Amino acid sequence: MKIIVTGGSGKAGKAVIRDLLDHGYQVLNADKMLPLEMLTRFKQVDLTDLGQVYEVMQGFDAVVHLAAIPSPDRFTPAYTFQHNTMSCYNVFSAAVSLKMSRVVWASSETTLGLPFEREKPLYAPIDEEHPLFPESSYALSKVLTEEMARQFHRWSGISFVGLRFSNIKEPEQYQEFPAYWNDARIRKWNLWGYIDARDVAQSCRLALEKDIHGAQVFIIAAADTVMNRPSRDLLAEVFPGVSLKKEISPFETLLSIDKARDYLGFQPLYSWRNHISEGRS
């Protein structure tokens, strides 16, 4: 298959491109930002320009749409919202018009209520059935593009797979984690979750390959937390009164990946525990 990856110059995009190339796919990186490393063919494109999007996406079987302003605080709320929703609309619209077989795209864990200040989690591990509580224009853009995906699927029959990525990390960033261990509140904002960029890549490839129908969303996180203390203790300390929905292992993620396991066959392969000591602080 020929796959176009938008945002292929970014942290997640680089990992996705490497993984797809390793598995025999033909890949084009479409991004406004020049890649630091030329892994595959590259086309510079402004995804907020519908004409450019149609032009660059022609001739491909599917798209992995990762390009977006990646956080709530990089630009003004209005610009972030406008950029993310418009670029997503353009990619979805072009994919449908060009009759692509599938759209895989980056949603976000922020849809669930991060940083859990105004709204506390209703339960944990938090899953795809949890109500959405967008707390920023960035999160709101992701909620609206999830609805956009449902409507584009309804119009076209094309499968849309949204991946709610947790905080994406590369191996060299794991050295940051011990700084969190003395104060559980430092990383409470996403229930102490993270995801290795290489597992992001795995999830994108599986989302392209698996027999998925409709417009589905999946939480994609590591199997553990960033902390060296049991997840049950973290929850009780920082979010007293939030109940556990199921029995969990000592360091199990509080961002449920059960649906991704069941539907995609997703199994996180990477953990910070294989890179640095988890000595108790």
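A pocket is defined on a 1 Å grid over the protein atoms alone as an open set of points with protein on both sides within 12 Å along at least five of seven lines, whereas a cavity is a set of points where a 1.4 Å probe fits but cannot get out; lining residues have an atom within 4 Å of a point. Grid points are joined across faces, edges and corners, and a volume is the space filled by probe spheres set on the points. The model is predicted, with local features requiring pLDDT of at least 70 and side-chain atom pairs counted only at pLDDT 80 or more, while totals for chains, interfaces and linings use all residues. Residues are numbered from 1 along each chain as its sequence is written, and side-chain values use heavy atoms, with hydrogens and water left out.

The lining of the second largest pocket comprises 16 residues, with A15, R18, A197, R198 and A201 nearest its centre. Helices α1 and α5 (197-209) each contribute at least two lining residues, and α1 gives the most, with 6 residues. Helices (H or I, at least four residues) and strands (E, at least two) are DSSP runs, numbered from the N terminus. By class, 6 nonpolar, 1 polar and 9 charged residues line this pocket; Ala, Val, Leu, Ile, Met, Phe, Trp, Tyr, Cys and Pro count as nonpolar, Asp, Glu, Lys and Arg as charged, and the others, Gly among them, as polar.

The largest pocket has a volume of about 1,200 Å³. Its lining consists of 40 residues, of which A68, I69, P70, S71 and Y138 are the closest to its centre. At least two lining residues come from each of α1 (11-22), α3, β5 (102-108) and α4 (137-156). The class composition is 19 nonpolar, 13 polar and 8 charged residues.

Cavities of 30 Å³ or more number 3. The largest cavity holds about 60 Å³ of space, and α3, β5 and α4 each supply at least two residues of its lining. Residues lining the largest cavity include H65, N84, W105, S141 and K142; by class, 6 are nonpolar, 5 polar and 1 charged. In the second largest cavity, the space amounts to about 40 Å³. G8, S9, K14, N29, P35, E37, M38, L39, T40 and F42 form its lining, which has 4 nonpolar, 4 polar and 2 charged residues.

Within helix α2 (residues 50-57), V53, V56 and M57 are buried, that is, under 20% relative accessible area (1.4 Å probe, protein chains only). These residues lie on the same side of α2 because they cover an arc of only 90° around the axis, the arc being that of the directions from the helix axis to the C-beta atoms. Among the elements covering the buried residues of α2 are β1 (2-6), β2 (26-31), β3 (41-44), β4 (62-65) and α3 (77-97). At the start of α2, a side-chain oxygen of D49 lies within 3.0 Å of the backbone nitrogen of G51. The residue G59, which follows α2, has a positive phi, near 90°.

In the loop between β5 and α4, L112 is buried, with a relative accessible area of 1%. Leaving aside neighbours within four places in sequence, L112 is in contact (heavy atoms within 4.5 Å) with I126, D127, H130, P131, L132, F133, R164 and I219. The C-alpha atoms of L112 and I126 are 8.2 Å apart in space, the two residues being 14 residues apart in sequence.

Conventions. Buried means under 20% relative accessible area, exposed over 50%, partly exposed in between (1.4 Å probe, protein chains only). A polar contact is a pair of N or O atoms within 3.5 Å; within protein, one must be able to donate a hydrogen and the other to accept it, and residues adjacent in sequence count only if both atoms are side-chain atoms.
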